[in-house]
Amino acid sequence: MRAQGLLLLAALLALGSQPPGTGGWRKHEKSGGCPPDDEPCLQAIPDQCMGDHHCPMGKKCCFRSCFLQCLPKVKVKQGRCPTDPMHCLSPIQHLCNVDQDCSGKKRCCPGACGRDCRDPAKG
């Protein structure tokens, strides 16, 4: 039973690590995105929500420090962030926190060494 719980947690973490998007909302998913999750995973804390429908107005069910909780949603721009296959060897440095920090249609996307403003991926 414990192995199944760990497998479910790993799957949820993989899904939660995807950058927020604006298209293709799942049933009961609120518009907007989740704030970045830069907190370390220090301990197992029970999830406080299982989906956006468990959260009050203006909040989304987001990952924060390896567990789900209702957090204020952030605005996201159209398109999805491109993937970055590089691995960083220097300290992480974020040049933006949310899409609104970026000019024009650029998105605040995770990169090898931190978040930066990038054009949305094509296709």
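User: Is Cys-66 buried or exposed?
Analyst: This is a predicted model in which local features need pLDDT of at least 70, side-chain atom pairs count only at pLDDT 80 or more, and totals for chains, interfaces and linings use all residues. Residues are numbered from 1 along each chain as its sequence is written, and side-chain values use heavy atoms, with hydrogens and water left out. Buried means under 20% relative accessible area, exposed over 50%, and partly exposed in between (1.4 Å probe, protein chains only). Cys-66 has a relative accessibility of 19%, so this residue counts as buried.

User: Which residue does a disulfide join to Cys-66?
Analyst: A disulfide is a pair of cysteine sulfur atoms within 2.5 Å. For Cys-66 the S to S distance in this link is 2.1 Å, and the partner is Cys-41.

User: How many residues apart are Cys-41 and Cys-66?
Analyst: Helices (H or I, at least four residues) and strands (E, at least two) are DSSP runs, numbered from the N terminus. Cys-41 lies in the loop between α1 and β1, and Cys-66 in the loop between β1 and β2 (67-72). The pair thus links distant parts of the chain, and the separation is 25 residues.

User: What is the handedness of the disulfide of Cys-55 and Cys-70?
Analyst: The sulfur atoms of Cys-55 and Cys-70 are 2.1 Å apart. The torsion about their S-S bond is about -85 degrees, so the disulfide is left-handed.

User: How many disulfides does a search of the whole structure find?
Analyst: Among them is the link of Cys-34 to Cys-62, with S to S 2.0 Å. The search of the whole structure gives a total of eight.
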